[in-house]
Amino acid sequence: RKKVTIQSLHKQRASGIPITVMTAYDFPTARACDTHGVDITLVGDSLAQVCLGYDSTTRLTLPEMIHHCRAVARGTAAPFLVADMPFGSYFEGPKETMAAAVRMLQEGHVEGVKIEGGIEIVDSVRALTRIGIPVMAHVGLMPQRHTALSGYRVQGRTAQGAREILQAALALEDAGAFSMVLEAIPHELGAYITSRLKIPTIGIGAGPGTSGQVLVYDDVMATWLGHKAKFVRRFADVKGEVKKGITSYVDAVKDGSFPSVAEESYHMDPEQFNQFL
Ligand code: KIV
Ligand code: NA
């Protein structure tokens, strides 16, 4: 596969070929994304919930994120590799943001960072892009702010709310973001913002009118059946396969059918065995 670059992503948008983004938190998933045609692999901070068992992305620390980035990077060749800046790693302004992002590139081996936020992070986004760190912006529903938002709710449903998201999107593009995630907004707004931007938009719950789509690996694969957001489609049933695999294994050990002597055991030369006895 050809290496995905910012330039190839912009070309993809221009030719109307949807950009595919999926999350990965470990080496085997990164290999699968690479092998099966994902354009951008995202080490999402959703790893806090689906991988580490935290109740919110706000629990995830920078060192934890970097640890997972390294594993994903080892399995990524062709896809463009982006990771979320964890909650609390970019709030003190451009200097702190740059220091954290540099660590994500140097220690985490990712190619770019994603940051949730609007007008209030524009200076930080500009500072990163100026020193050559690609930034994927993230507007609409920002899960790191779920407590302040009173839950994971659709954003931009009112004229005023939609206007605020559009203004943020335009300012973040102007600050140099190479792409932008639009999360949980009406599909009309997703298509409109996409038409107003030059950079590719990546939707999640933003309708089909964006330049690409992103989903969380565990939602795509149904690795576990927690809350399913309206925008999630399950494309596989890994939970069912896991159940089948583990229960069959446990049953086979208990009833003595695993391992078999003929197929699944090592043999000793009878003469050697007699000498041994
Ligand atoms: O953390 C994540 O997985 C994300 C994507 C769903 C956009 O931010
Ligand atoms: Na995220």
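The crossing of helices H7 and H8 is right-handed, a crossing being right-handed if the near helix is turned clockwise from the far one by less than a right angle, and left-handed if anticlockwise. The axes of H7 (residues 159-174) and H8 (residues 187-196) come within 10 Å and cross at roughly 30°; the two helices are therefore roughly parallel, the term for angles under 35 degrees. Axes are lines fitted to C-alpha atoms, for helices over the stretch in contact, with angles from 0 to 180 degrees between N-to-C directions.

This is a predicted model, in which local features need pLDDT of at least 70 and side-chain atom pairs pLDDT 80 or more, while totals for chains, interfaces and linings use all residues. Residues are numbered from 1 along each chain as its sequence is written, and chains are lettered from A and ligands numbered from 1 in the order in which they are written.

**Overall architecture**
- The protein chain has 12 helices and eight strands, taken as DSSP runs (helices H or I, at least four residues; strands E, at least two) numbered from the N terminus.
- Its C-alpha atoms fill a box of roughly 85 × 40 × 35 Å along the principal axes.
- Of the 277 residues, 40% count as buried (20 or more other C-beta atoms within 10 Å of the residue's own, placed from the backbone; exposed means 12 or fewer, partly exposed in between).

**Barrel**
- Eight strands close into a barrel in the order E1-E2-E3-E4-E5-E6-E7-E8, with parallel pairing (pairing requires at least two DSSP bridges).
- The twist from one strand to the next averages 25°.
- E1 (residues 19-23) pairs with E8 (residues 212-215) in the parallel sense over four bridges, and methionine 22 has leucine 215 in E8 as its bridge partner.

**Backbone geometry**
- Most residues other than glycine have a negative phi, and most peptide bonds are trans.
- Alanine 184, in the loop between strand E6 (179-183) and H8, has a positive phi near 50°; this residue is buried, with 22 other C-beta atoms within 10 Å.
- Alanine 222, in the loop between helix H9 (217-221) and H10, also has a positive phi, of about 50°, but counts as partly exposed with 19 C-beta neighbours inside 10 Å.
- A cis peptide bond, with omega about 0°, joins phenylalanine 258 and proline 259.

Technical notes: Parallel < 35°, antiparallel > 145°, perpendicular 65-115°, else oblique.
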